[in-house]
Amino acid sequence: MRFYDLIIKKRDGQELTQEEINFMIKEYCEDRIPDYQMSAMLMAIYFKGMSKGEIKYLTMAMVNSGKIIDLSSIPGIKVDKHSTGGVGDTTTLALAPMVAAAGVPVAKISGRGLGHTGGTIDKLESIKGFKTELSLNKFIDIVKKVGASIISPTSDLAPADKKLYALRDVTGTIDSIPLIVGSIMSKKLAAGADAIVLDVTTGSGAFMQEYKDALKLGKIMVDIGLELGKETVAVVSNMDEPLGFAIGNSLEVKEAIEVLKNRGPEDLRNLCLVLGAHMLKLGRAAKNYEEGRNRLEKILKDGTGFNKFKEMIAAQGGNLEIIDNPELLPLAKYSTKIKAEISGYVQKIDSRLVGESAMLLGAGREKKESEIDLSVGIILKKKVGSKVNINEDLAEVYYNDSEKLKEAKNKLFSSFVIGDKKPKKLPLILATISKKGVKEFI
Ligand code: URA
Ligand code: CA
């Protein structure tokens, strides 16, 4: 088999066979296909797409490029959760302990942030002492004892994705549905859970800016999950404005703690309850969505979710004093505000621009190797629909380095659109997709 012929085949819009896809992934992982040829293939896939069969074979080949984590020694149905990426999205931090408190084990492998979106592992590292690189045995032990653990990926978890993602990132081929599905689902399947809840974000800060594309992505991911033997549910959520008020690593940890203390921003809390209710249902800890949601509301009220969070933090070496006194989390030296220049209602807060502004402050990575500053970030003072008067605060910026401050503030300011009329706000949850089909809420 010559890879050149496969490039031509895909370029001309033909379907690749399972054997050809296996060849492509294996040879690429073993450095027998050069990046320039794989780049051409990725671009051909970007333009010609892939059939459902091809996506399934791609996903399987990527899973098999590494090892599948064996979680079978953990009793119960293990349910995983994944988001396609958001801004200010702190759900995993609150959700994992909430769900564990309801008796569903959560063995979660999370990533670091890249570009304008944040990553759970970076956020957790703002808790002093917290270890995100544990052996698999230790990870499984913690899930058995505590019910939840969150670690960073091991090197043999879908290594094909690491290599392909890096190439996609520099060849303009990130936002291709088949490639996204292969990337996400291979990691989820390799992570070994029994069932998967996906948060497919849409709007300005998401990969899928258009709702119809997010819905399509969600449907294919659910199909592939089901085909490969995992019960899978996807929620399409609106990421047109950042989630909650906080954007930035330690600020988001503080915000997750607020949720666990039964406070916190309405949208973030709601997303945790929705995703969590689906996780409880898949984990057979609730008969239906409503029962799951009620159970989780109780877990927030009675503090068992917060206590579970503390157990998880302690099990991974984190300093509990910080969790009880979040003001001990790293905080930037300086802060400044951006203010409204006209009165009206907030029509839009472009989450991509907010994410990019936080990245300029140092909260995110421009490149994979970039160092990040865990203490910096943004606290929004207004959300879409808020009334605002001239000179009123729109957001507060926490920073250490003034070099890019002006640029960051300008970006943040430009993310706000203020107009006369109170806008109609889209619901947070736009659709849910399961084996029963699609339920739309707009
Ligand atoms: N998240 C991933 O992990 N992979 C993608 O390709 C896109 C989003
Ligand atoms: Ca947030």
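Is N391 buried or exposed?

1. The model is a predicted one. N391 is exposed, because its relative accessible area is 55% and a residue counts as exposed over 50%. N391 sits in the loop that joins β10 (387–388) to β11 (393–399). Its phi is near 75°, a positive value in a residue other than glycine.

2. Most residues other than glycine have a negative phi. D31 belongs to the loop between α2 (18–29) and α3 (35–48), and with a relative accessible area of 59% D31 is exposed.

3. As to the overall fold, the protein chain contains 17 helices and 14 strands. Its radius of gyration is 21 Å, close to the 22 Å that the globule rule gives for 442 residues, so the chain is as compact as a globular protein of that length. Along the principal axes, the C-alpha atoms fill a box of roughly 65 × 45 × 40 Å. Of the 442 residues, 57% count as buried.

4. The surface also carries a patch of positive charge, in which K131, K138, K144 and K145 gather. One of these residues, K144, lies in helix α7, which spans residues 136–145. K144 counts as partly exposed because its relative accessibility is 42%, and partly exposed residues fall between the buried limit of 20% and the exposed limit of 50%.

Note on methods
Residues are numbered from 1 along each chain as its sequence is written. Chains are lettered from A and ligands numbered from 1 in the order in which they are written. This is a predicted model: local features need pLDDT of at least 70, side-chain atom pairs count only at pLDDT 80 or more; totals for chains, interfaces and linings use all residues. Side-chain values use heavy atoms; hydrogens and water are left out. Patches are made of residues with over 30% relative accessible area and no salt bridge: like charges are joined within 9 Å, nonpolar side chains (Val, Leu, Ile, Met, Phe, Trp, Tyr) within 5 Å. Accessible areas come from the Shrake-Rupley method with a 1.4 Å probe; for residues, only the protein chains shown count as cover. A salt bridge is a side-chain nitrogen of Lys or Arg within 4 Å of a carboxyl oxygen of Asp or Glu. Lys and Arg count as positive and Asp and Glu as negative; His and the chain ends are not counted. The place of a charge is taken as NZ of Lys, CZ of Arg, CG of Asp or CD of Glu. Helices (H or I, at least four residues) and strands (E, at least two) are DSSP runs, numbered from the N terminus. Buried means under 20% relative accessible area, exposed over 50%, partly exposed in between (1.4 Å probe, protein chains only). The radius of gyration is taken over C-alpha atoms; the globule rule is 2.2 Å times the number of residues to the power 0.38.
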